[in-house]
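I opened the notebook to look up two things. One is a chain contact, the other a ligand site.

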Amino acid sequence: MTTLSRPRRVLYSALGVGVFLVLWELTLRSGLLPGTLVPLPSAIPGVLWLELSDGIWFEVVGSSLAHYSVGLLVGSVLGILVGVSAALLPRFDAAHAWLARLLRPIPPLAWIPFAIIWFGVTPTAAAFIISIGVFWINYFASYSAVRSVDPGYDEVARAFGQHGFLPRLAKVNLPAASPGILGGLRAGLGQGWMTVVAAELFGIPGIGQRMMEASSLLATDIVVVYMLTIAALYALLDFVFMLFQRRMLRWQP
Amino acid sequence: MSAVRSESTPVLNARNLSLGFGRTTVLTDVDLTLHPQEFTAVVGTSGVGKSTLLRALTGLIAPHDGEVTIPARRADASRAWSMVFQAPRLFPWRRVRANVELGLEGLGLSRAERRRRAMEPLALVGLEEYAGRWPHTLSGGQQQRVGIARALAVRPQVLFMDEPFSALDAITRRRLQQELVELRRRTEAAIVFVTHDIEEAVSLADRVMVLGGQDTGHPAGVIDTVEVGLPLDGRRDHPAFSALVQRVEEMIA
Ligand SMILES: Nc1ncnc2c1ncn2[C@@H]1O[C@H](COP(=O)(O)OP(=O)(O)OP(=O)(O)O)[C@@H](O)[C@H]1O
Ligand SMILES: [Mg+2]
């Protein structure tokens, strides 16, 4: 495959989106599809403006981000903590291995019943559900990252008097595993965001609840506004994290 | 001179050392006593167990049999021993200077002192201007020289060097050999120097320990320990030099 120059790539990508939007608009206007199924693309900016000026957009996005950040923080911290410990402490590794294998395949959304029983229909319940998926991603990423650290580095550390568990953790295991750990964090960032909407579907205020409300009124335009919001916020988050990741890993070739 | 030496207390004592991996023994019956300022070269064919011997002498691996005594760390900001590894194994996540500082951490030095103690040996190996670089931006030989600086920075009582100059061009190698001769005069350190270059061994060392004699199912041992006994200055031009080199070569062949 021949590669395109960067400006050309951007041009063709923009062209693809443009053609898609125009075809969408034309299909609806020509009556090929009924307007109740999908909104007109040209109507979206106006609806977005309404949601913004009402303050609804800020309210629901704010609460979703709150669930998300709590779930993300808890899931990431615990995932890395347990993953790194399991990789370094053979007894702990063995003790929890079967338990982890048993719990791992349960999807985050299957925890909704328990989330409601334990926390009620509260933001905590949403954060809990979000944290589960994030936890597993970080757990596996950090576990395998630490496990695959070249033992040669550890030997160097010992040769230069760094004997304790903590000095070696801080000076060898964590930095050597940081590419994998950061990769896990970034994947968790996406996974957590994907579960936000689902975690709010059962009545916890946020983007998910707003979308359910809108769909019951057949306000497909509002649904699309929040779909785009989800996509845009994710792109922003991922971009910012990518910059952070790049800065942390600037030692890599 | 040997009379003077046997009066001083040895810095390292290995008796009846036997080492290997799992059930295979690689090397047996090694005895070695080092006094301050003594320079012992270890030669032998590839795979005979030279690197393994250094690991066992330093306690990085446990010997199958025998005993090693190595001094404790003195109260001053130095270490009992340090090692130039055969592969430089710099920490890629630390800049060059931070790599050299590794062994200085935990010695109770201030940041500024650590920095000064790291820059000194970096200047010695000609890499002062590279202090702020990431290791992957250095050539293989430059990385090896950082590994040498890292080992020198801790002012060890015993300095182990595993083929430290093998990745270097002839000119740099000769210069660093000269530096090593100078270093011997300035420090108390005993040096154990592994090389496959017999001329290098004979030109630098007080004595050359020749390893070999392995056969299928029969581990290697010390063939002989040759006392060099030639003055360090202009040693390569000494009439007895090439005969000595030849003698060692014949032992290995
Ligand atoms: N981790 C290991 N596990 C099993 N065998 C090993 C291991 N490391 C080395 N060996 C074996 O032990 C023997 C000695 O290896 P060592 O690295 O000490 O050789 P060497 O004399 O330093 O060789 P070279 O000059 O090539 O560096 C070799 O036969 C090697 O295959
Ligand atoms: Mg070796």
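My entries follow, interface before ligand.

I am working on a predicted model, where local features need pLDDT of at least 70, side-chain atom pairs count only at pLDDT 80 or more, and totals for chains, interfaces and linings use all residues. Residues are numbered from 1 along each chain as written, chains are lettered from A and ligands numbered from 1 in written order, and side-chain values use heavy atoms, without hydrogens and water.

**Interface.** I looked up the contact (heavy atoms within 4.5 Å). Chain B gives 22 residues and chain A gives 18 residues. The buried area (accessible area, 1.4 Å probe, lost on being put together, summed over both parts) is about 1,900 Å². Carbon and sulfur atoms give 67% of that area.

I found 3 salt bridges between chain B and chain A (Lys or Arg side-chain nitrogen within 4 Å of an Asp or Glu carboxyl oxygen). One salt bridge joins A:Glu155 and B:Arg89, at 3.1 Å from N to O.

**Ligand 1.** Which residues surround ligand 1? I listed the shell (a heavy atom within 4 Å); among its members are B:Phe21, B:Val26, B:Lys50 and B:Gln86. By class, the shell has 3 nonpolar, 7 polar and 2 charged residues, with Gly counted as polar.

I then checked oxygen atoms of ligand 1 against polar side-chain atoms. B:Ser46 lies at 2.6 Å, B:Ser51 at 2.8 Å and B:Glu163 at 3.2 Å. Alone, ligand 1 exposes 640 Å² (Shrake-Rupley, 1.4 Å probe), and the protein buries 56% of that.

Technical notes: Buried area is the accessible area (1.4 Å probe) that two parts lose on being put together, summed over both. A polar contact is a pair of N or O atoms within 3.5 Å; within protein, one must be able to donate a hydrogen and the other to accept it, and residues adjacent in sequence count only if both atoms are side-chain atoms.
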